[in-house]
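Please open the model in your viewer and follow the stops below in order.

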Amino acid sequence: LRFTLTLTLGSQISCFSPTNFTGKQSAYVDTACWDSLVHHGFDAEGRAVTKSLWALKVFPYSLLVVAVLVYLPYLLWRYAAAPALHSDLLFIIDELDKSYNRSVRLVQHMRKVQQASAEPERFWEEYERARRERYFEFPLLERYLACKQHAHSLAFIYILRNLLLLVCLAATCLYLVFLHLNIFFQDEFSCSIKTGLLQEEPHIPALIPCKLVFFSVFQLISLSVGGVYILLIPVVIYNALQLCQWDKGLLSVYEMLPAFDLLSRKMLTCPVNDLNVILLFLRANISELTSFSRLNAVSALKEATANKEDIDTVVDFMTLLAGLETTKPKH
């Protein structure tokens with residue numbers, strides 16, 4: 001808005017009026033030529049032709065329209081999808097961290113049982129009971145994620161936002177290309193004021209040369225905006241295509257939890273749904289998920305373990321990290 005006011009206030013054109021014109025007549029020439037903004041010239045055969053430069057007059061206002069259009073996808077996402085997505089992320093992050101915390105508390109309890117008991121078998125009884133009764137079960141979160149897999153409201157708004165943004169960026173680039181090919185190489189033009197009562201005045205020349213004052217500024221701004229938007233187009237396309245594949249890296253880490261088998265039961269079908277949108281934004285806010293980094297380290301430890309068949313759940317790894325022997329003693 002400030003840029004538009006700067007360009008629209010004051011004189012945007014400078015015409016070279018005849019020397020016998022007074023100051024008021026020169027001012028009238030500038031005003032009349034700026035109002036008409038039509039270039040009068042001749043073609044190769046000597047015929048008179050006219051070319052409208054009206055697009056230069058509305059160029060600052062077109063930038064305002066572009067700014068509003070590019071801002072509309074943000075408003076759509078901000079008020080139609082962001083509140084629901086924010087609550088979903090808070091709930092899922094809280095439940096995932098709770099599952100990890102329950103694992104830690106259970107291992108601490110098992111550690112105390114081992115230290116307080118004189119019978120080693122007591123510890124392994126607790127260990128087997130923990131795996132048998134599935135202390136780490138959290139059906140609410142798993143059912144919630146499965147429910148989100150069959151919803152498509154967030155996915156629809158996500159795709160619509162990216163499509164609207166892509167259309168706005170592409171339309172702006174085409175508009176700027178049109179201006180450069182047709183107008184932005186003509187900063188000087190010939191203006192005619194022989195209209196109305198001035199048409200029969202012999203001392204008024206047929207054509208008056210004029211020059212646009214802000215022409216170089218228009219060129220610089222159009223090139224800058226067009227360059228930035230061209231760089232943003234592949235970014236928008238990349239973000240939109242992220243919804244076409246599952247982000248299985250995050251869920252695979254939590255697959256170590258015995259009750260969490262969203263991937264192993266092959267519930268992930270078509271990726272264009274609300275669950276995939278939630279996973280994309282959960283990955284972007286992975287720093288808020290405290291348990292992920294710790295379980296990710298456990299997953300790396302699992303890959304480095306020779307006997308993977310002996311250590312397959314978070315219970316085994318927690319006992320290993322707590323300094324307990326994971327191999328049950330032989331009778």
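A residue counts as buried when its relative accessible area is under 20%. The model is predicted.

**Stop 1: a salt bridge between helices**

Select Asp88, which has a relative accessible area of 4% and is therefore buried. Its partner is Lys148; the two side chains form a salt bridge with an N to O distance of 3.2 Å. Lys148 is buried as well, because its relative accessibility is 16%.

**Stop 2**

How many salt bridges does the structure hold? There are 2. Lys98 is partly exposed at 38% relative accessible area, and Asp94 is partly exposed at 37%.

**Stop 3: α4 against α8**

Now select helix α4 (residues 59-80) and helix α8 (residues 153-182), which pack with their axes 9 Å apart and at an angle of about 170 degrees. Angles over 145 degrees count as roughly antiparallel, so α4 and α8 are roughly antiparallel to each other. Show side chains in the contact: from α4 they include Phe59, Val66, Leu69, Pro73 and Trp77, and from α8 they include Ile157, Arg161, Leu164, Cys168, Tyr175 and Leu179. Colored by class, the contact of α4 with α8 shows 18 nonpolar, 2 polar and 1 charged residues.

Note on methods
Residues are numbered from 1 along each chain as its sequence is written. This is a predicted model: local features need pLDDT of at least 70, side-chain atom pairs count only at pLDDT 80 or more; totals for chains, interfaces and linings use all residues. Side-chain values use heavy atoms; hydrogens and water are left out. Axes are lines fitted to C-alpha atoms, for helices over the stretch in contact, and angles run from 0 to 180 degrees between N-to-C directions. Helices (H or I, at least four residues) and strands (E, at least two) are DSSP runs, numbered from the N terminus. Angles under 35 degrees count as roughly parallel, over 145 as roughly antiparallel, 65 to 115 as roughly perpendicular and the rest as oblique. Contact means heavy atoms within 4.5 Å. Ala, Val, Leu, Ile, Met, Phe, Trp, Tyr, Cys and Pro count as nonpolar, Asp, Glu, Lys and Arg as charged, and the others, Gly among them, as polar. A salt bridge is a side-chain nitrogen of Lys or Arg within 4 Å of a carboxyl oxygen of Asp or Glu. Buried means under 20% relative accessible area, exposed over 50%, partly exposed in between (1.4 Å probe, protein chains only).
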